[in-house]
Amino acid sequence: MAIAKAERLMNLALCLLGTRRPLSKRELRQSIEAYLEAGSDDSFNRMFERDKDDLRELGLVIETVESLDGEVGYLARRDSNRLPPITLDAEEAAALGLAAKVWQQARLAGAASGALQKLRAAGLPEEVDPYEPHSALEPRIPVHEAAFEPLMLACRDRRPVVFDYRKANAAQPEARHVEPWALECWRGHWYLAGFDRDRGAERVFRLSRITGRVRSRGARFTAPVPDVVTVRETVASWAGETADRSALIRLRTGAGYPLRAKATAVRELGDGWDELEIPYGHGLDAWLVEFGPDVVVLEPAELRADVVDRLRAVAKG
């Protein structure tokens with residue numbers, strides 16, 4: 001957000017919170033310097049309506065009141081915009097302090113540190129140190145992808161983004177225009193759920209496959225954001241976690257430990273190969289391709305064909 005706009009929003013919020021009676025557009029324009037500098041009434045009206053919507057989106061409760069003579073006014077009552085007191089017992093404060101320990105990296109480190117200072121004031125015992133290096137519990141959420149921070153901010157600010165994305169079966173990345181909804185970590189990998197404008201549908205993207213820089217776009221979202229974004233459920237179904245069939249594969253000895261962890265049966269074949277039976281669901285072909293020459297699909301035939309097609313696409317480049 002530009003400094004000028006942030007200052008304008010702050011001044012508008014202070015005016016609405018500081019008044020005891022509704023203020024008309026005319027009065028607000030005379031009270032805020034940026035509105036006085038608006039070139040025309042139409043320009044001011046557009047600016048004011050955008051600012052009012054932005055403040056409401058940030059959580060400020062703005063009332064619209066019509067007077068007896070028909071003039072419309074605005075105000076933000078303090079009792080409607082005051083948070084209730086927050087109290088924590090020692091166990092609750094300790095649990096939140098431990099949760100803050102997860103984010104000791106990237107942009108979130110400063111926010112976590114500041115939150116801990118507030119927790120101290122709210123009752124977190126001084127002897128409880130969530131950063132104690134010898135703690136038996138060491139929670140960590142790894143964030144190695146450069147795309148995480150810009151996507152986190154884009155999700156927060158509801159800003160569309162553009163990035164280059166390489167699918168598992170593609171040799172070259174392609175540009176994707178996405179309205180980001182939510183980020184979630186699943187089995188050590190970060191995923192983004194959002195609306196893919198090019199395909200006109202919801203999609204989930206693995207951050208490690210995003211190449212280059214994430215670019216923001218100034219336009220607003222075109223698709224509604226669902227109340228519940230099921231990132232894990234979507235990724236789990238793609239990875240075969242909800243599978244009701246089985247596949248038989250040959251796996252090189254000493255390789256493919258994630259596949260071995262999913263296997264329902266393992267048989268040693270000798271000559272450096274094992275035979276595994278694993279759950280077969282949507283997206284299993286893309287996952288098997290990642291193991292390259294260490295995996296050979298035996299059955300079913302359609303899964304083998306899908307894996308071969310993906311490998312040929314990668315080989316063609």
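In helix H7, the residues Phe 148, Leu 151, Met 152, Leu 153, Ala 154 and Cys 155 are buried, where buried denotes under 20% relative accessible area, exposed over 50%, and partly exposed in between (1.4 Å probe, protein chains only). The structure is a predicted model, in which local features need pLDDT of at least 70 and side-chain atom pairs count only at pLDDT 80 or more, while totals for chains, interfaces and linings use all residues. Residues are numbered from 1 along each chain as its sequence is written, and side-chain values use heavy atoms, with hydrogens and water left out.

## Overall features

The protein contains 11 helices and 12 strands; these are DSSP runs numbered from the N terminus, helices being H or I of at least four residues and strands E of at least two. It has 317 residues, of which 36% count as buried. Of the contacts between residues at least 6 apart in sequence, 54% join residues at least 24 apart, a contact meaning heavy atoms within 4.5 Å.

The average pLDDT of the protein is 80, and 75% of the residues score at least 70; pLDDT is the predictor's confidence in each residue, from 0 to 100. Residues 133-138 have pLDDT below 50, and beyond near neighbours in sequence this stretch has six contacts in the model.

## The nonpolar cores

The largest nonpolar core comprises 19 residues, and those with the most contacts inside it are Leu 151, Phe 163, Leu 183, Leu 192, Leu 207 and Ile 210. Such a core is a set of buried Ala, Val, Leu, Ile, Met, Phe, Trp, Tyr and Cys residues joined through side-chain atoms within 4.5 Å. At least two residues of this core come from each of helix H7 (148-157), strand S4 (161-165), strand S5 (174-186), strand S6 (189-196) and strand S8 (210-216). Helix H7 gives the most, with six residues. Leu 192 has contacts, beyond residues up to four places away in sequence, that include Leu 151, Cys 155, Phe 163, Val 178, Trp 181 and Phe 205. A second, separate core has 17 residues, among them Ala 13, Leu 23, Phe 44 and Ala 76.

Five strands form an open sheet in the order S7-S6-S5-S4-S8, with antiparallel pairing. Strand S7 (201-206) and S8 are the edge strands, each pairing on one side only. From one strand to the next, the twist averages 40°. Four of the five residues of S4 are buried, so this strand is largely enclosed by the rest of the structure. Asp 164 stands opposite Thr 211 in S8.

Helix H7 lies across S4, S5, S6 and S8 and runs at about 90° to S5; axes are lines fitted to C-alpha atoms, for helices over the stretch in contact, and angles run from 0 to 180 degrees between N-to-C directions. Just after H7, Arg 158 takes a positive phi of about 55°.

The table lists strand pairs from both sheets; two strands pair if DSSP finds at least two bridges between them.

| Strand pair | Sense | Bridges |
|---|---|---|
| S5 and S6 | antiparallel | eight bridges |
| S4 and S5 | antiparallel | five bridges |
| S4 and S8 | antiparallel | four bridges |
| S10 and S11 | antiparallel | five bridges |

Individual bridge partners can also be named. Glu 184 is partnered by Tyr 191 in S6, and Tyr 165 by Glu 174 in S5.

Glu 275 in S11 is the bridge partner of Arg 267.

Arg 304 is found in H11 and, at 39% relative accessibility, counts as partly exposed. Apart from its neighbours within four places in sequence, Arg 304 is in contact with Val 296 and Val 297. Arg 304 and Leu 248 are 56 residues apart in sequence, with a C-alpha to C-alpha separation of 9.8 Å.
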